[in-house]
Amino acid sequence: MALVLNVSLCSTCKPHLSLSTSNPNKASSTFPLPLPLLGLNIKKSLQPSQKLTFSLGESVSGATLVALLSASFIFVDPALAFKGGGPYGQEVTRGQDLTGKDFSGKTLIKQDFKTSILRQANFKGAKLIGASFFDADLTGADLSDADLRNADFSLANVTKANLSNANLEGALATGNTSFKGSNITGADFTDVPLREDQREYLCKVADGVNPTTGNATRDTLFCN
């Protein structure tokens, strides 16, 4: 049995990939496949009259065909593994080293930053509602004036970060989340579940009033 892999691109049609089998004793069969299935990310500028097609022919057994299709589920383009939302939907932000990256003023609602290294990253004034920083390293990051409502900081390292005037209403800070050395002047911690030792530490440095909510930082932490 012969196996032919066909990939076609043109400027006026959707990228197409298919597997075709041919056997002298049987009719040919064609199996259309979506490009992401094989981890293919094809980008090429074509003129309206142009069409790009390439094929790979090889004699294989039925078992080899099954192995090929099975492998396509394993060898996927890494860029397809994790994708965030918002304007960075096509850029991987989960499990990445994003040290010093500038996200200031960006709309990053529900963006996925799980386990990423975000040391000295700039999130000043960014809209990060529902974003996940689960187990992320935010050491020295600038989160001032950021909208962090319902963001997930579980197990995150938020030491020496700038959280001044940030709105953290409803954010999660469970586990070993650390805010040691961070500037929380004017930050709003309303409805943020904190361990007693975390709350006591933050109360020692809490000060100011959040300019967006009008809530005093100490009041949102239930400081005495």
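The torsion about the S-S bond of cysteine 203 and cysteine 223 is about -90°, so this disulfide is left-handed. A disulfide is counted where two cysteine sulfur atoms lie within 2.5 Å. Here the sulfur atoms of cysteine 203 and cysteine 223 are 1.9 Å apart. The structure holds one disulfide. Cysteine 203 sits in helix H2, and cysteine 223 follows helix H3 (217-220), so the bond ties together parts that are 20 residues apart in sequence. In general, such a bond is a covalent link between the sulfur atoms of two cysteines. Both cysteine 203 and cysteine 223 are buried. Buried means under 20% relative accessible area, exposed means over 50%, and partly exposed lies in between (1.4 Å probe, protein chains only).

The model is predicted: local features need pLDDT of at least 70, side-chain atom pairs count only at pLDDT 80 or more, and totals for chains, interfaces and linings use all residues. Residues are numbered from 1 along each chain as its sequence is written, and side-chain values use heavy atoms, with hydrogens and water left out.

The protein has three helices and four strands. Helices (H or I, at least four residues) and strands (E, at least two) are DSSP runs, numbered from the N terminus. From the N terminus on, the order is β-β-β-β-α-α-α. Of the 224 residues, 38% are buried. The accessible surface comes to about 12,200 Å². Carbon and sulfur atoms account for 54% of that surface. These areas come from the Shrake-Rupley method with a 1.4 Å probe; for residues, only the protein chains shown count as cover. Contacts were examined next, where contact means heavy atoms within 4.5 Å. Among contacts between residues at least 6 apart in sequence, 22% join residues at least 24 apart.

Aromatic rings were then compared. Rings of Phe, Tyr and Trp (its six-membered ring) pair if their centres lie within 6.5 Å; planes under 30 degrees apart count as stacked, over 60 as edge-to-face, and the rest as tilted. The count comes to seven aromatic pairs. The ring centres of phenylalanine 103 and phenylalanine 113 are 5.4 Å apart and the planes stand at 80°, so this pair is edge-to-face. Phenylalanine 103 and phenylalanine 113 are both buried. Phenylalanine 113 also pairs with phenylalanine 133, this time in a stacked arrangement. Their centres are 5.2 Å apart, with 5° between the planes. This pair spans 20 residues, again with both partners in the loop between H1 and H2. Phenylalanine 113 has a relative accessible area of 0%, so it counts as buried. Phenylalanine 133 is likewise buried, at 0% relative accessibility. Phe103, Phe113, Phe123, Phe133 and Phe153 form one aromatic cluster.

Nonpolar packing was examined as well. A nonpolar core is a set of buried Ala, Val, Leu, Ile, Met, Phe, Trp, Tyr and Cys residues joined through side-chain atoms within 4.5 Å. In soluble globular proteins, nonpolar side chains tend to be buried together. The largest core here has 37 residues. Leu118, Phe123, Leu128, Phe133, Leu148, Phe153 and Leu168 touch the most other members. Leucine 148 touches Leu128, Phe133, Leu143, Phe153, Leu163, Ala166, Asn167, Leu168 and Ala171, leaving out residues up to four places away in sequence.

Several other residues of the loop between H1 and H2 were inspected. Serine 144 lies in this loop. At 2% relative accessibility, serine 144 is buried. Beyond residues up to four places away in sequence, serine 144 touches Phe123, Lys124, Gly125, Asn162, Leu163 and Ser164. Aspartate 145 is in the loop too. Aspartate 145 has a positive phi of about 60°, although it is not a glycine. Its relative accessibility is 35%, so aspartate 145 counts as partly exposed. Glutamine 120, also in the loop, has a positive phi of about 55° and is not a glycine either. At 48% relative accessibility, glutamine 120 is partly exposed.

Threonine 190 lies in the loop between helix H1 (62-71) and helix H2 (196-205). Its side chain makes a polar contact of 2.5 Å with the side chain of aspartate 188. A polar contact is a pair of N or O atoms within 3.5 Å; within protein, one must be able to donate a hydrogen and the other to accept it, and residues adjacent in sequence count only if both atoms are side-chain atoms. Apart from neighbours within four places in sequence, threonine 190 is in contact with Leu168, Glu169, Gly170, Asn215 and Thr220.
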